[in-house]
Structure formats: structure tokens, C-alpha cells
Amino acid sequence: MALGEYKFIVPATESDEDKKERLKTELISMEEHYKMQEDAGASDAKLDILADNIEAKRTEYEAVGGTYPEL
């Protein structure tokens, strides 16, 4: 049986626009997860790790031209 498509692996032929959208979606998910963990009283150590991961993802997002909405 052949696997019809990948569910978690990003294709190597991803366009810049597709990459930007993927990274935006990942950032939204990561920020939501951080907020949930913060609200649940997660340890500072855990929140620091999550924050570092978010900052790294933001750097990657900005490198492909990603911008943020004004809140």
C-alpha cells in the first residue's frame, strides 16, 4: 500500500507564499499553546522553552517576509 500524501511532512517544493502561510499557522498554534500553558500555571522553565521556540519560529517567518497584524 502506498501512502497517498504526507500529513506532517512539508513538501520540498513549497513556494515562499506557501511557506509563509504554513509558518503563520504554526505560530498561531504555538502562541495558543503558550497561552493555554500559561493560564494552566505551567512552570517558568516550560514557558521559557515554549517562548524560545516561538521566537525562533517568528525569526523564520519574518525571514520569508511574514508580517503581523496590528492588534
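Analyst: At 62% relative accessibility, L3 counts as exposed, a term for residues over 50% relative accessible area, whereas buried means under 20% and partly exposed lies in between, with a 1.4 Å probe and protein chains only. The model is predicted, so local features need pLDDT of at least 70 and side-chain atom pairs count only at pLDDT 80 or more, while totals for chains, interfaces and linings use all residues. Residues are numbered from 1 along each chain as its sequence is written, and side-chain values use heavy atoms, with hydrogens and water left out.

User: Where is L3 placed, and what makes the nonpolar surface patch?

Analyst: L3 lies in the segment before α1 (16-39). The patch, of about 570 Å², is made by L3, Y6, F8 and I9; patches are made of residues with over 30% relative accessible area and no salt bridge, nonpolar side chains being joined within 5 Å and like charges within 9 Å. A salt bridge here would be a side-chain nitrogen of Lys or Arg within 4 Å of a carboxyl oxygen of Asp or Glu.

User: Why is L27 called buried, and which residues is L27 in contact with?

Analyst: L27 has 4% relative accessibility and therefore counts as buried. This residue of helix α1 is in contact with I54, K57, R58 and Y61, leaving aside neighbours within four places in sequence, where contact means heavy atoms within 4.5 Å.

User: Why is K57 counted as buried?

Analyst: K57, found in helix α2 (residues 44-63), has a relative accessible area of 18%, and because the limit for buried is under 20%, K57 falls within that class. Leaving aside neighbours within four places in sequence, K57 is in contact with L23, E26, L27 and M30. On the α1 side, K20, L23, L27 and Q37 are buried, and the buried residues of α1 pack against α2.

User: What makes the aromatic pair of Y61 and Y68 tilted?

Analyst: A search of the whole structure finds one aromatic pair. Y61 and Y68 form that pair, at 5.5 Å centre to centre and 55° between the planes. Rings of Phe, Tyr and Trp (its six-membered ring) pair if their centres lie within 6.5 Å, and planes under 30 degrees apart count as stacked, over 60 as edge-to-face and the rest as tilted, so the pair of Y61 and Y68 is tilted. Of its two members, Y61 is buried, with a relative accessible area of 5%, whereas Y68 is partly exposed at 41%.

Key. Helices (H or I, at least four residues) and strands (E, at least two) are DSSP runs, numbered from the N terminus. Accessible areas come from the Shrake-Rupley method with a 1.4 Å probe; for residues, only the protein chains shown count as cover.
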